[in-house]
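Dear colleague,

I am handing over the structure we spoke about, with the sequence alongside. Please look through it first, and then read my notes below.

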Amino acid sequence: MAALLLGAVMLVAQLQLVPSRPAVPGAELGQPELVRKAATLQDEIREGAAPNGSAQQLPQTIIIGVRKGGTRALLEMLSLHPDVAAAENEVHFFDWEEHYSQGLGWYLSQMPFSSPHQLTVEKTPAYFTSPKVPERVHSMNPSIRLLLILRDPSERVLSDYTQVFYNHVQKHKPYPSIEEFLVRDGRLNVDYKALNRSLYHVHMQNWLRFFSLSRMHIVDGDRLIRDPFPEIQKVERFLRLSPQINASNFYFNKTKGFYCLRDSGRDRCLHESKGRAHPQVDPKLLNKLHEYFHEPNKKFFELVGRTFDWH
């Protein structure tokens, strides 16, 4: 019987998940059902051999972005909850073709072992801005809960640049100043990728084609930095987790300049790459950046029925 189950799982895992034409929410209902059966069979096969009765499960929650919005901080804070099992690395299953082509079996293998009562979470910030991802996630599980963490779009642009700049510095490679990216022919360079990633309303429209707002929770990344506990409480409620994370789990590290975590008497902070100082930008250019995002921000607020304290 086990051999038959294993054969069925391998067959399902090899099925192509990408439909031949664009799908709409609710279409091809047989495919998600097939995926759920595959996951169930895989869990049954693995369960007997897994340590302490745990098993690898497909994620019930995904942190979909945004890049430089605070996804790592959110995942680390959420991992304080005993009922959360988090994938250690960014999986890039839905946005990288070389991963997606390997099927759900490969995706499952990237997940942590978890108990039946635990919620499996993975985070890949690039998901939010990748056009193909919403449909692919919906095909896997239309009932999945999605977490999106956003910051002031202007600040996110500066953080985006800062990360790439330091990556080049570590490799002893030169990198242009941020002004060279932001300005072209005396005007704001609207083709700069970092700017496009901060046009939240464009990417949100794509996600809302496949998921209702009730399946998504937007975390205020700026508030998470200033006062993390209230924001993480909202996440607990959205994920229907019992309130286990407390204010005592957070303490402000004056040396680093941001909040760190305290878990079972053990203190831990985010990697030194987090919280780096942004480059100095001419105030006039910064004002241009704020003006550029004014209308896109309004459109995003209308989409989600909520405002944020952004420039």
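**What was found**

In this predicted model, buried residues make up 49% of the 311 residues in the protein chain. The chain exposes about 16,000 Å², of which carbon and sulfur atoms supply 52%. Its secondary structure comes to 13 helices and 12 strands, and, among the contacts with a separation of 6 or more, 74% are accounted for by residues 24 or more positions apart.

Turning to a sheet, three strands form an open arrangement in the order β10-β11-β12, with antiparallel pairing. Because β10 (250-253) and β12 (266-268) stand at the edges and each has a single partner strand, one side of each is left without a neighbour in the sheet. From one strand to the next, the twist averages 35°. Strand β11 (residues 258-263) is joined to β12 by three bridges, and these two strands run antiparallel; Arg262 has Asp267, in β12, as its bridge partner.

As for helix packing, α10 (residues 200-208) and α13 (residues 283-304) pack at an angle of about 25°, with their axes 8 Å apart. Angles under 35 degrees count as roughly parallel, and α10 and α13 are therefore roughly parallel to each other. On the α10 side the contact is made by Tyr200, His201, Met204, Gln205 and Leu208, while α13 contributes Pro296, Lys299, Phe300, Leu303 and Val304. Sorted by class, this contact of α10 with α13 has seven nonpolar, two polar and one charged residues.

Definitions and conventions
Residues are numbered from 1 along each chain as its sequence is written. This is a predicted model: local features need pLDDT of at least 70, side-chain atom pairs count only at pLDDT 80 or more; totals for chains, interfaces and linings use all residues. Side-chain values use heavy atoms; hydrogens and water are left out. Helices (H or I, at least four residues) and strands (E, at least two) are DSSP runs, numbered from the N terminus. Buried means under 20% relative accessible area, exposed over 50%, partly exposed in between (1.4 Å probe, protein chains only). Contact means heavy atoms within 4.5 Å. Accessible areas come from the Shrake-Rupley method with a 1.4 Å probe; for residues, only the protein chains shown count as cover. Two strands pair if DSSP finds at least two bridges between them. Axes are lines fitted to C-alpha atoms, for helices over the stretch in contact, and angles run from 0 to 180 degrees between N-to-C directions. Angles under 35 degrees count as roughly parallel, over 145 as roughly antiparallel, 65 to 115 as roughly perpendicular and the rest as oblique. Ala, Val, Leu, Ile, Met, Phe, Trp, Tyr, Cys and Pro count as nonpolar, Asp, Glu, Lys and Arg as charged, and the others, Gly among them, as polar.
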